[in-house]
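Hi there,

Here is the structure I promised to pass on to you. Have a look at it first, and then read on for my notes.

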Amino acid sequence: MTEPKPTRESIFHDAARRMRAEFEDARNNVPHRGEAGAEGEAIVREFLNTHLPQRFRATSGFIIDKTDQISGHEDVIVYDALNCPVYRTSERGMIIPNDNVAVLAEVKFQLTTTTLDSAIDKIHEAKNLVKTPRARERDRSRPEIIETYGMIFAFECDLQYQTVIDRWHAKLTEVNPLHNTCSLIAVLDRGLWPTTAFYPGEGVAPVTLTGISPQIPRGAKVGIGYMEFGGRTLDAMMRLLLAHLTFFRHRVDHPGFAHADIGPALIKWIGEFVANGQVAYRTAAGVVLPPTSAVDPEGGAPPSPASPA
């Protein structure tokens, strides 16, 4: 008898079932709460690394920005593995440049008012790190996202959906308004709380708020919604993540950390341009050689590196 073909729903239902089983195993068999929490984080990272496009990888560690500000230790960092320099201090101590961080997730076994507040605080801290602005000259026909998608993932939550919304709302500030906070809260086998928008004539939909655009029409509204998905929660979560990752910026002309103080402390000058396209070199014995024509047909010295921000 031919087995039925798998469907998208069945694939993510099986993934949710495995995550639930691993969660229960960690909760029941790992006595130390901190170690159990680390097991939960590892479960989420493994799920993401199994299902995300290979351009992106999920890890844990720290985030550093171009001003050398560093975040606290983060549960899950999804970064652009193809274009990102990686610095490591230990197995759990990867340091990822903020420009390459696409998603940041806080993982909680149980989402309570206390763990929700702390998770939002950590996401706000990371969201306030500096990003290199979008390039002025770019293909504007293709959207480009540079912002980090903040997410909270919980295995269980006994809070009423309105309590989660109100608590999240209460954590918003002038520095971290709705467009600079987390974008999604997900509870396994229950549902999603996404940032949500209403556009006149288009209806209501989950959105990733990345700023205040003058193109948003008058009468549009933004807020926090709740959608109950039950066993389809992982599938819905992945759809929202992929919508963000599809347009995440590829390359940044910055190493990811401050380098204003990098430079030679002592210089021994060896050559001097004596005419356009001609350089006179001095040997180690101090003999000045006849001028040599530049190899570069354009002439002149190689371009200087970009000034550090």
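Below is what I found, taken one region at a time.

Before you start, please keep in mind that this is a predicted model.

Asp25 belongs to helix H1. Its relative accessibility is 46%, so aspartate 25 counts as partly exposed; the partly exposed class lies between the buried limit of under 20% and the exposed limit of over 50%.

**Strand S2 and its partners**

Next, have a look at strand S2, residues 74-80. Seven of its seven residues are buried, so strand S2 is largely enclosed by the rest of the structure. S2 pairs with strand S1 (residues 56-64) in the antiparallel sense, and five bridges join S1 and S2. You can find one of these contacts at phenylalanine 56, whose bridge partner in S2 is aspartate 80. S2 also pairs with strand S5 (residues 101-111), again in the antiparallel sense, over four bridges. Here tyrosine 79 stands opposite valine 101 of S5.

**Strand S7, covered on both faces**

Strand S7 spans residues 184-187, and both of its faces are covered. Leu184 and Ala186 lie on one side, Ile185 and Val187 lie on the other, and all of them are buried. S7 pairs with strand S6 (residues 149-157) in the parallel sense over four bridges.

**A three-stranded open sheet**

Finally, there is an open sheet of three strands in the order S12-S13-S14, with antiparallel pairing. Which strands stand at its edges? They are S12 (271-275) and S14 (292-293); each has a single partner strand, so one side of each is left without a neighbour in the sheet. Between S12 and S13 (residues 278-281) the antiparallel pairing runs over four bridges. Alanine 275 has its bridge partner in S13, namely glutamine 278.

As a reminder for viewing these sheets, strands pair through backbone hydrogen bonds, in either a parallel or an antiparallel way. In this model you can compare the two kinds directly: S6 with S7 is parallel, while S1 with S2 is antiparallel.

How values were computed: Residues numbered from 1 in each chain as written. Predicted model: local features only at pLDDT ≥ 70, side-chain atom pairs only at ≥ 80, totals over all residues. Heavy atoms only, no water. Buried < 20%, exposed > 50% of the residue type's maximum accessible area, 1.4 Å probe, protein only. Pairing = 2+ DSSP bridges.
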